[in-house]
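Please look through the model below with its charged side chains in mind. The numbered points that follow are meant to be read beside it.

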Amino acid sequence: MNFTLGFKPAMGDSSSVENLEKQLICPICLEIFTKPVVILPCQHNLCRKCANDVYQASNPLWQNRGPVSAGGRFRCPSCRHEVVLDRHGVYGLQRNLLVENIIDIYKSESTRPLLPKTEQQQLMCDQHEEEKINIYCLTCETPTCSMCKVFGAHKDCDVAPLPDIYKRQKTELSDAIAILVAGNDRTQALISQMEDICRTVKENGHRQMQYISDKFDELYAILEDRKRELIETVGREQDQKLSRVRSLIRRHGDHLEMSVKLVETAIQSMEEPQMAVFLQSAKEVFKKITDTAKASNIERTEAGYESMAHFIINTENVADTLRGIDFQTGEDGEDSGDEGPEDLTTSPGQAGESGRRI
């Protein structure tokens, strides 16, 4: 059905009054603010009842919630700013007395109905030009006029007064808006929670990586200390053997030097032409040669003395153990006695996974 627009005259229909009226419309119920009017921290206004409806719709998201007066949060339907409530709930929000006074003045001085501008437009029936659209056809789900019901296309249809359907559908639309706003609120809160989880996962991951790095640094330190101890043990035996061999070298060198000098003395004695002088010196030379020959059988190192092959370590089992290092879970982790860093959680009621331990 097609309609033509007609306008119902009203007093004080100035642009300034219309602009004022628009400023007094609640974004939830789409009606003039109903006292008490509360002002949000973002400076937007709501009927306290509408604010409570939005809060009630948003409240199921919060864990361990109590009654309405237990506090909570919701988002402003105009700017999406998050409103945090104290234990008084929406009753703890400050009333906007200035707006309430403006509403009183507006109601007292305005001679037209306090409805949005679209309510003042009168639709005229295209079938009966003199008839206003004043009823609603429930069967066809369309507005119509009384003449259409009596004589026209809707005479066999069920109808209802237009104001009743208007109020009912406006209430339903307002409820749908509140539900949609609450759904957006829950989605935004869920996104915020997921972002918190991302930050917490990154922080917990960094903590665990640092923990594992510290554990391996401890193993490196133990290996370095043990390597130093074993190397020092080999070094001490090496020094002992070198000291003994060098001592023998010095003793053999002294003996060799003495033997060379004795040979030179013996040769000089043999060159003596006088028999009496030769015989006198020969006795002493023989004695020195005999003593030197006896002293030549000095200490020697045993066979294989130079070997250091007995310093052998078996690292196969240790290497297998190191390769088998892995995360411990369940009872094995609890019995190890080694407590890893405790995980951070995103909320008091949400328990994070227990930190894995090495």
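1. The side chains of E31 and K170 come together in a salt bridge, with N and O 3.3 Å apart; the term stands for a side-chain nitrogen of Lys or Arg within 4 Å of a carboxyl oxygen of Asp or Glu. This pair links distant parts of the chain, 139 residues apart, since E31 sits in the loop between helix 1 (15–23) and strand 2 (37–39) while K170 belongs to helix 5 (residues 162–270). Helices (H or I, at least four residues) and strands (E, at least two) are DSSP runs, numbered from the N terminus.

2. This is a predicted model, in which local features need pLDDT of at least 70 and side-chain atom pairs count only at pLDDT 80 or more, whereas totals for chains, interfaces and linings use all residues. Residues are numbered from 1 along each chain as its sequence is written, and side-chain values use heavy atoms, with hydrogens and water left out.

3. E31 has 25% relative accessibility and therefore counts as partly exposed, whereas K170, at 17%, counts as buried. Buried means under 20% relative accessible area, exposed over 50%, and partly exposed in between (1.4 Å probe, protein chains only).

4. A salt bridge also joins R75 to D185, their closest N and O atoms being 3.5 Å apart. R75 lies in strand 4 (residues 72–75) and D185 in helix 5, so the pair ties together parts that are 110 residues apart in sequence. Both R75 and D185 are buried.

5. E100 and R95 form a salt bridge through their side chains, at 2.7 Å from N to O. E100 is buried, with a relative accessible area of 5%, while R95, at 38%, is partly exposed.

6. The structure holds 18 salt bridges.
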